[in-house]
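Dear colleague,

I am passing on the structure we discussed, and below it you will find notes on how some of its parts pack together. Please read them with the model open beside you.

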Amino acid sequence: MNRNIEQATEVALKRRSHYALSAEWVAPQEDVETLLKSVLRSVPTHFNSQSVRMVLLTDDAHRRHWELIEQILISQIGEEQYNKSTRAKIHNSFMSGVGTVLYFEESSITKGLSEQMPLYADNFAKWAHQVQGSHQWAVWIGLTELGFGASLQHYTGMNDTAIKEQVGVPAEWEFIAHMPFGKALDDPEVKPKTSMGELLKVLNR
């Protein structure tokens, strides 16, 4: 592989989903805050919409968030099922980390763009989620470069109101995802990949 390509993809190839985290700052919190600000300022958005919102939780705020998720899950599936199937992951993979990035969408922006440009109205929600993915990917790569392990989680749609109230964000913000991070204690296995012939098509004429 061309060395320039190797350098360009090196960090991306190091990014993995880590499910065993400890509450250790392998880089200063200030560096994580700088990373989030840089991503919010530099990742492109459709029509310069800038509808992504983030909340960084650390220390007690991080722990309280996952305790709330735990309470929500127990209310949904019952304590017995929760303890059997989910508790270990919540406590050892997410709550055990040093922090969590919450991702929100300022839905009023998407609604406003749809009203202003009805020709594209059906596309704005899709574009907003694509932009969310770009921001999440950039933060994940950045956390990896800083030395953290992380994963992307979606305990959403069960009681988003309680989550928004806990962190004090507007009710109209749409809750999209959580990204717990910390010192990685695991070495994830390489997952099987679909053949490149099925994934990539190249046309020259």
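Which residues in α2 meet which residues in α7? D31, V32, L35, L36, V39 and L40 in α2 meet H135, A138, V139, G142, L143 and L146 in α7, where contact means heavy atoms within 4.5 Å. The residues of this contact divide into nine nonpolar, two polar and one charged.

Some cautions on the source: this is a predicted model, in which local features need pLDDT of at least 70 and side-chain atom pairs count only at pLDDT 80 or more, while totals for chains, interfaces and linings use all residues. Residues are numbered from 1 along each chain as its sequence is written, and side-chain values use heavy atoms, with hydrogens and water left out.

The axes of helix α2 (residues 29-42) and α7 come within 10 Å and cross at roughly 150 degrees, and the two are therefore roughly antiparallel to each other (an angle over 145 degrees).

Leaving aside neighbours within four places in sequence, M54 is in contact with residues including L36, V39, L40, H135 and V139.

In helix α6 (residues 107-116), T110, G112, L113 and S114 are buried, and what covers them includes β3 (99-106) and α7 (121-146).

Note on methods: Buried means under 20% relative accessible area, exposed over 50%, partly exposed in between (1.4 Å probe, protein chains only). Helices (H or I, at least four residues) and strands (E, at least two) are DSSP runs, numbered from the N terminus. Axes are lines fitted to C-alpha atoms, for helices over the stretch in contact, and angles run from 0 to 180 degrees between N-to-C directions. Angles under 35 degrees count as roughly parallel, over 145 as roughly antiparallel, 65 to 115 as roughly perpendicular and the rest as oblique. Ala, Val, Leu, Ile, Met, Phe, Trp, Tyr, Cys and Pro count as nonpolar, Asp, Glu, Lys and Arg as charged, and the others, Gly among them, as polar.
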